[in-house]
Every structure is written in structure tokens, then in C-alpha cells.
Amino acid sequence: MRFAYPDPVTSPLLELRGLRVRHHLPLDDGGHRLGDPAPDGVDLAVRPGEVVLLLGPSGCGKSTLALATNGLVPHVVDADVTGTLTAGGHDVAATRPPLLAADVAMVFQDPDAQVVTGSVLDEVCFAPENLRRPPAEVLARAEGALRQVGLWERRGDDPALLSGGGRQRLALACALAVGARLLVLDEPTANLDPDGVEQFYATLRSVTASGERGVLLVEHDLDAAVEAADRVVVLDAAGRVATSGPVREVLAGRAEELAELGVWLPTTTLAALRLRAAGVPIDPLPLTPAELTGALDAVSLPAPVAVQEPDVPPVDRRDVVVSVDHLTVRRGGRTVLDDVSLDVARGDLLALVGANGAGKTTLAQLVAGVLRPRRRAVAGSVRVGGLDPWRADVRDLTAAVGFVFQNPEHQFVTGRVDDELAHGLRLRGVPDGEVVARVDDVLDRFGLGALRDRHPFWLSGGQKRRLSVGTAIVCRPDVLVLDEPTYGQDRERAVELLDLLTTLHDDGTTVVVVSHDMQLVAEHATRVVALAGGRVVADGSPAVLLRDDAVLAAAGLRTPPLARATGALRDPAWHAVTRLADLPAARLPAVHLAGADA
Amino acid sequence: MNGLGDLRTYNPLVKVLGPVPVMVYVVTTRDVLTPALVALGAFAVLAVAGRQSPRVLAAIAGGAAALTVVMTFSFGLLTDPALVADTTVLATVGGFEVRSGALATGLATAVRTVALMMLVLLGGLTTSGADVVRAMTQQLHLPYRVGYAALAALRFVPRFGHELEVIRGAHRVRGVAPGRGPVVAVRRQAGYVVPLLAGGIRHAERVSLAMDARGFGAHPTRTERTVVPFGARDVVLLLSFWAGAAACAVLAATLTPA
């Protein structure tokens, strides 16, 4: 084999020229048709010491591009690929993906789906063993990699025992152990809680510090990624390069243009754009909370929009929809919920926040009757809409509470979109004429009318999510409970969903949403309850709670970016500003782009 | 017996496949004493050299005793009465005559089953799945892609268990086939298949991409960091299994009155 290495220090670790991918979409007759090209004609290079951030709206081919870097597209995932792709001096088109493992290492989105072995040490040794490195070298590499990500002490553990953040750091260690100089990270923090995200990026920084590795990073959470990245490549909806260049030049210099493309920007950049439109002279645009603080302290600030401190009477005076009374739940010898008491009043949009494993999902499932605990394992009680959710008849329960699962597919029980919506109504014996009217109304409101005869499993991710919310609200429940509806979803879909929830809430539905996306919580919730270790550690309005660093840190959470920036300002009137909506400007039309997946 | 040391350190193939000829022999026996001696012997080896906790050993012993009792009576009832018509009637239960011959047949079946169970546990409790795969690739030259793919698939099981639990809860709150009875239960279970399969296939695809990206299948062989040796002591263990079984057979024959 001959490798062309003109200059091993600066020659690119990855080079794409005119990369164009058309996926093979299976047809019923066993053949296939070609999908629209995405990416389409992309040139891109990653050099040693560089972190290149790849951005673009849903469907622009970011993940496809990532999978093409080591040939998984088209060698494993069928597609037509044109253009040239060189990784570590190899022509990727002519090399089987496993043979590129020493040059290109990948970290995928789902931490569960990349664990192959039964121990942390075996996991890290897996790739070097596949490449037939001698045992002593395998062990030495594994130890070095595990020490670098801080997991050497846990080498004997089953990877399943690690937190999500721990498993993604393990995936980084696997990449280090095999000695690959190019790391390709495909939304590595989408499934992590704020603590896990922070750990992951801290580790990534130490990994790239030596300057010999290069990183191609696909990431939606720009608040976390922007400080790690050196260069940005932005794709448009058609999969072509819209712009590229140094991070600051692109994100701050061309922010309006990117927002129009449907690319998410750092929260602080969005905030500055909004202020700029309101006449506050901010130049250059900030990318981080600290920069926003600096920029705002340097100008004379107008008064913020009066932050609406929720003007609510004490809970017990209002109409209580959900009442959790001294609830303690044990599972497998562990106390999952510990003496939780909580009343949710009609009209609340309550966010249940906390780190992974804090008990949020368990509490939500108990409220909705999804979990029916054994009498021995539980103390205390739950009432929802006047019913006991653990004993009530399903027909009554669907009128009291609707539950939206993390994975929408779990709750689909029929073969057609309209049947899916009609199911709950028919079960309750609603007359046929009214069923038709109510199903049509929901199809219409959620933009699913044209898809009514499709199988729910064949919808796109965003459509599935809308249908799952539709099935939960079609019976007009007193309260809608959602379990991490934005988990693993990209930013546009997450925003689309939360806008939908806000609309439902404005129409009078009580909403309880489990989430650890702090900025989304700040934007939409009227009340925040934080859980840690199964206990309620905080309960209050987002404006107050989300700038309490100590409480959030204790719950494994972080202050959302805007609150971090305003909290450090000299003008105390601005300390309560946690939401973009609190900023003095009209809402930017291009910021919240919905329906990008349609 | 103490000379055996730690059973966990022996070659997995010897522990898992070594007892197979003994199992075949046990299946062919018709008396009670031979399988009983084999079962006792296997349990003794497990207790002395298996490094199991007392709780596990107690559970095995208790389980074996309970299984013997239950099977003796249930198989005893299934025995063709004509075959044991000349033996004593011990009791009459609801028109059924329980004859001593029937119980003896039931007991023999029960003890054979317990002996087989003990022989399986001998290897099963002292060997990890990963070690069996390593030994199969190293000694039996099974292609590693098959073995390691099987191991990766085994790791899906707990995930599926959890996923099934969630789907079950989801379908219950949506009111799928509520009520009791076997027909409804079957309808309910059938409803879990599609979401479980859809999730399973997607997960399998992701895992296989992750494995490819990490060099799985790059070469016909891979480094075995953990060498599973097959040495003289393994041969000794194998021969002692067989010698022990033969001793049980001889002892049983000596103790049985002609």
C-alpha cells in the first residue's frame, strides 16, 4: 500500500470533495428508489488540532455525512455516493469500514447502542483487539485511554452501571485506545443531562489539547459545543454548504443568515440579536454567557420587559388537579421516590427537572397510572382528577390524565393514524359522529390530516411525536403528562413540540413535563419542581429557581445560558431575566422554525 | 476433592461439554441410585470447588429436593397403570390408585432430571458466557464474528425486558384489550410484538454500526487478550468427571441387591 502523506503534520485527517449521497429507499417489490441528495456536493476538511462543527437543519444530511467518513455509508447503509472521501490517507470508497477503525473513531448519539462487551476494560480493548494489536499493547492503550477520561477506577464495572455521560466518555476512551487521530462525534450529548454534557465536553477538551487529533462534531446543543469548536461548516436544507469558516466569524458574523436557514444559534447570540433589534448596540455578537454579560455591562441597558412573577394564590386555594401526598416508592431495594408531596393546580405548566436517575420518570408514570406499584413497595398516595390512577378503570383514567411517552412508538396500538386518535374515544363509548368530529379536529390542529390512513410507525419522527400528543389530548384530559418529550430529538423538533405544548396550555390544559433541557424549561414553564435522589429539592417559578446556582448544581443541573449571563450583570433589574421573551424586543420570526421535518 | 482447587479456573469447554457423555449415560439409566449418586457427586464438586455462596448452594439443594418431590408425584400419576398393576396400592385419591411402582418410576425420572440439572449447573455456574465464547474460538476455532455477535446479542436481553415493561404500561393506560382471560391475554401480548420488534431492529442496526466502526470483522482473527488455556489439569478434570460417573455406576450396581 502507498499512502500519500505530503506533510504528516498539517495534511488533513479527513478530506471530502464534492460528497453527494443519495440513500436507497426500499420499495415494496424489493427494489429501491433514490432519496433526495443530502449532503449534496460538500467539500470539507478536518486538520490535526481542529474541532470542526457541522451544522444544518433537520434532513440536511449531517448524520449521513458523519457515517460516510468511515464508509458505513455506503458499505453498510445502502446509498449511492459520488465525490471523493479520504480519511487518514485511505480512499474510503475502496476500504471496508472495519479497516478504517485505526484512522476514524466514532461516537454515536445513543450511549446504550454502542456497548458491546460486559466490562469497561473489555469495551476499551475491543477495537485494538479487532485490529490484532499485541495483548500488552492493547492493555497499555486501554489503561492510558481510561485514565484520560477518568474511568480507570471503574474498569471492572459493567458499562451499563455508568451514567449516560459516563458511557459517552467511555465511547471517547474507546476512540482514544484505538489510536485514531480523527474523531467523528454524531450528536454525542443529545441523550445526556446537563451534568453529563459538561463532563463530556471537559473530557473532549483534554483529548484535543495535544493538537494531534482532529474532530468532526455534529451537535445541536450549541450552548455547549461553541466553546469546543474552532471552525464551522453550515449546510442548508438541500444539503449544500451554505457557509463555512472560523466559529466566531460564522456564528456571530452571519447570525441572521443562519437563523433564516433554520440553524440553531447559541442562546446568548439569539438574545443579543433580539436586543440589537430593540436598539441596544451590541457588536460583535456574543457566543457565550460571559461574552453577553460583558457586552451588556458595556452599554446602557433599557429596563427589561416586566418579568411576570406568576401572580398565583397558594396552591391549596386553587383547583388542584394532581395531588401527590407523602409518596415513597421502593424498587429493587432502592428508594426511588422519598416522601414526595406535590400539588399541581389547574392551568400550571409544570416542569419536573433533575439529573438522570433522580426519579422524574417514575413520578410521572405513577401520576399517570402507567406504573401501578405493589402495595408493599409504596407509601403515600396519588390523586389525579379525583381518581386513584393505580386502581381506576382505564376508560375513566383517559379522561383524567393523558401520558406521552419518551418513545412515541410505545403507545401506538392501532394500524392507522385516525384509528389511533379514535381508539380512546371509542373505548369511552363516545357516539360515532362525535368521534369523527373530534378526530378530524385533532388531525387538523396537528397537521396530520393528509396522513390519516398511514400506519403510525411509518410517520417521520416529528409526526410520530405530534400524533402521540394527539392521542393523549383527544379525550380532553384534565392534565397532560409528558416524559422527556425532547430526549434524543433535535432542536427544531424540540422547539416545535414545546410551542405545541404552550398552545395547549394557553387553551387551558394543565401540563406536567419531565425534562432536563434547562433553557426550554425556562422559556415555557410556569413552575419548576427539581428532584434529586428521589426527593423534591426545589419548587418555584422558573424566574427564581433557574438562577439559583446552588440548588441547580445540587440537583445535577446547570443554570440555563441566558440566566447565567443576566445573573452576572451589574444592573440588578436584569437578574430576573431568564427567558428570551423577557427581553425588550418583538419575537424574531426566523428563530422558532417549526415543521422542518414535514 | 480439595485437589481440584477452583473450578472457575478450568477450561470452559471441559466444564460445559465434559459432562455431556455423563448426561447421555444418566438419561439411559432406569434405576434411582445411579443418577442419585451422580447428582450428589456433582453437587459435592460444586460445593467444594465451585466457589458458590452458601445461599446459592442452599437454593440449589432446596430446589433439587422440591423438584424431586413434585416430579415423583406428577410423573407417578402419569405412569401407565397396567405396567405397575402388581405393586402395592398406597392410597386412593379421587378414584385414582397411587401404586408404589408408579411412585418408584416417578422418583427415577425425577432423580434423573435432578442429576442432569446438577451436571449443567457444574459448568453453568462456574463459567461466564464470554469465557465460553473465548474457548470456542480458541480451541474449537469457531469464527470470532459468530461468537462475539452472539455475545453482543445477549446484551440486548435486559434492554428488551425494560422496553417490554414500558410498552406494557403504555398499552394498559391506552386501554388495549382490558380484562381477564386467556384470549384477551393473547391479544394483549400480540400487541407488544410490533413496537418491540421495531425498537429491537433499530437497536440492532445501531449496535452493528458501532461494532463495524470499531474494527469488528477487519481481519479473519482478532487478538485474544485473555488466553483460555487447555492444559494437563483440564485433561485431568475431564477424566475425573468420567471416572467419577463410572464409579457412581459401579457403586450403584454393588449396592443394588441382585
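Chain A splits into domain 1 (14–246) and domain 2 (318–540), with bounds from an automatic or database domain assignment. This is a predicted model, in which local features need pLDDT of at least 70, side-chain atom pairs count only at pLDDT 80 or more, and totals for chains, interfaces and linings use all residues. Residues are numbered from 1 along each chain as its sequence is written, while chains are lettered from A and ligands numbered from 1 in the order in which they are written.

The C-alpha centres of domain 1 and domain 2 of chain A are 34 Å apart. Contact (C-beta atoms, placed from the backbone, within 7 Å) links 11 residues of domain 1 of chain A with nine residues of domain 2 of chain A.

Five of its five residues are buried, so S9 of chain A is largely enclosed by the rest of the structure. Buried means that 20 or more other C-beta atoms, placed from the backbone, lie within 10 Å of a residue's own. A:Gly214, A:Leu216 and A:Val218 point one way from S9(A), and A:Val215 and A:Leu217 the other way.

| Partner of S9(A) | Sense | Bridges |
|---|---|---|
| S4 (residues 51–55) of chain A | parallel | four bridges |
| S8 (residues 182–186) of chain A | parallel | five bridges |

Across these pairings, A:Val52 stands opposite A:Leu216, and A:Asp186 faces A:Val218.

How values were computed
Two residues are in contact if their C-beta atoms, placed from the backbone, lie within 7 Å. A residue is buried if 20 or more other C-beta atoms lie within 10 Å of its own, exposed if 12 or fewer, and partly exposed in between; C-beta atoms are placed from the backbone. Helices (H or I, at least four residues) and strands (E, at least two) are DSSP runs, numbered from the N terminus. Two strands pair if DSSP finds at least two bridges between them.
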